[in-house]
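Reader: I have a chain open on my screen and a few quick questions. Can you take me through it?
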Amino acid sequence: MMKNRPDDATLLADEAKYCSFGDTVHYIEPPKIFDGCEGSYMYDKEGKQYLDLQMWYSACNFGYANERLNNVLKNQIDTLPQCASQYLHPTKIELAKTIAQDMKKKFGYDGRVHFNVGGSQCIEDSLKVIRNATGGKSLMFAFEGGYHGRTLGASSITSSYRYRRRYGHFGDRAMFVPYPYPFRRPKGMTAEEYGEYLVADFARLFETEYHGVWDPKVGQAEYAAFYAEPMQGTGGYIVPPPNYFKGLKKVLDQYGILFVVDEIQMGFYRTGKLWSIEHFDVKPDVVVFAKALTNGLNPLGGLWAREELINPQVFPVGSTHSTFASNPLGTALGLEVMKMTAEVDFEKMVMESGAYFLEGLKTLEKRHKEIGEVDGLGLALRAEICTEDGFTPNKALVDKMVDIGISGDLDWKGQKMGLVLDIGGYYKNVITFAPSLYISKAEIDQGIELLDQLITRAKKEL
């Protein structure tokens with residue numbers, strides 16, 4: 001814990017006076033100040049534990065202060081901490097090779113890896129790759145409920161208008177199509193029928209020129225690519241029907257539209273696979289990744305694209321550039337993450353832990369009628385919080401749960417502790433769980449008990 005630092009009240013007063021609020025999100029008032037972290041826990045200035053079930057929005061998949069990864073960072077600082085990106089260093093090349101070879105094995109395509117600093121910037125670079133490869137087409141398809149970042153280009157393919165509202169007109173804004181949301185599907189449909197229905201509705205756009213996306217006389221779409229999170233993150237960790245993406249990709253291939261997969265939040269075994277799109281038996285043209293690539297220790301991200309989209313003749317030197325792209329601290333960490341996850345069966349570990357966690361959530365669902373649905377894939381799990389009817393969104397109850405959790409006033413075997421949660425969903429009523437991939441059964445049990453306390457208390461206090 002930090003010693004001799006100003007107290008929380010002083011720090012919050014200084015933040016109110018000197019800090020831009022535009023670079024953060026104040027979901028709770030006052031904002032919480034943490035001083036330490038390890039494994040599945042954050043710590044405040046008194047050393048009180050807070051079980052973290054969101055792990056920095058899935059950036060720290062491998063636990064806080066992971067000793068192996070921290071040591072790689074320390075070693076890199078002592079060997080080659082900085083290197084201008086016009087020069088090369090070994091781990092950039094090794095990491096690119098490792099990822100490209102994995103993509104070849106998984107999807108059968110030759111391709112290349114391009115680095116930048118974090119998810120939004122890598123989305124921006126992917127938009128350049130797509131525009132360049134499609135003769136300058138700037139229109140994209142994306143999902144309602146999708147989130148791809150808050151830079152200008154990323155905002156244009158993120159469905160929430162609130163991220164664009166103050167910044168002028170976005171002429172290249174994506175066309176947003178419905179993402180399959182099984183819990184809120186039309187009555188009388190199975191989840192699979194719902195997926196087929198949405199694919200057919202999308203395909204309808206290409207039936208005639210008057211639907212506005214397709215010119216049948218020249219066989220050309222106005223839209224260059226479809227940007228997709230295989231499992232929606234900020235949208236509420238929604239798991240799509242298993243048949244959906246296969247049907248969607250068939251339509252995209254038929255009309256020559258590229259498929260760009262955003263793995264920024266769901267990549268690196270969050271769902272039990274290195275890439276969450278592996279669950280759905282389709283082949284992407286571009287994959288964007290970031291966050292857990294460095295376990296949150298460095299803002300490095302990247303994209304992989306098929307060879308014909310990104311080879312040096314098509315996408316030459318200087319097509320896009322960032323001073324800190326492929327920095328040696330980040331690429332050393334990324335390479336170690338890839339080595340670490342190849343040494344053990346992460347898929348088996350994550351799927352088993354996820355199933356155990358989901359069973360615990362199902363016990364809560366039976367106990368509290370306000371939990372409308374629990375679901376998940378690997379250790380990306382959701383609990384949709386509703387009114388007593390089990391369906392109407394209940395944001396007020398979720399907000400109260402978050403406030404109680406962060407207060408650090410929960411009881412655990414005679415000790416006070418807290419619970420860190422993240423909220424997402426179309427109605428901001430879904431608890432999205434992204435615990436450490438190393439979370440133990442004992443920690444899962446602890447989390448379930450604390451969640452039970454949370455919802456019980458929150459219902460009484462509303």
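Author: Among contacts in the chain with a separation of 6 or more, 72% are between residues 24 or more positions apart; contact means heavy atoms within 4.5 Å.

Reader: Where does the model come from, and how are residues numbered?
Author: It is a predicted model, where local features need pLDDT of at least 70, side-chain atom pairs count only at pLDDT 80 or more, and totals for chains, interfaces and linings use all residues. Residues are numbered from 1 along each chain as its sequence is written, and side-chain values use heavy atoms, with hydrogens and water left out.

Reader: How many helices and strands?
Author: The chain has 13 helices and 18 strands, taken as DSSP runs (helices H or I, at least four residues; strands E, at least two) numbered from the N terminus. Its radius of gyration is 22 Å, close to the 23 Å of the globule rule for 462 residues, so the chain is as compact as a globular protein of that length. That radius is taken over C-alpha atoms, and the rule is 2.2 Å times the number of residues to the power 0.38.

Reader: What share is buried?
Author: Of the 462 residues, 55% are buried, meaning under 20% relative accessible area with a 1.4 Å probe, protein chains only.

Reader: Now the sheet with β13. What is the strand order?
Author: The order is β13-β14-β18-β17, an open sheet of four strands with antiparallel pairing; strands pair if DSSP finds at least two bridges between them. β13 (371-377) and β17 (422-424) are at the edges with a single partner strand each, so one side of each has no neighbour in the sheet.

Reader: And which residue in β14 is the bridge partner of E373?
Author: E384. β13 and β14 (residues 380-385) pair over six bridges.

How values were computed
Buried means under 20% relative accessible area, exposed over 50%, partly exposed in between (1.4 Å probe, protein chains only).
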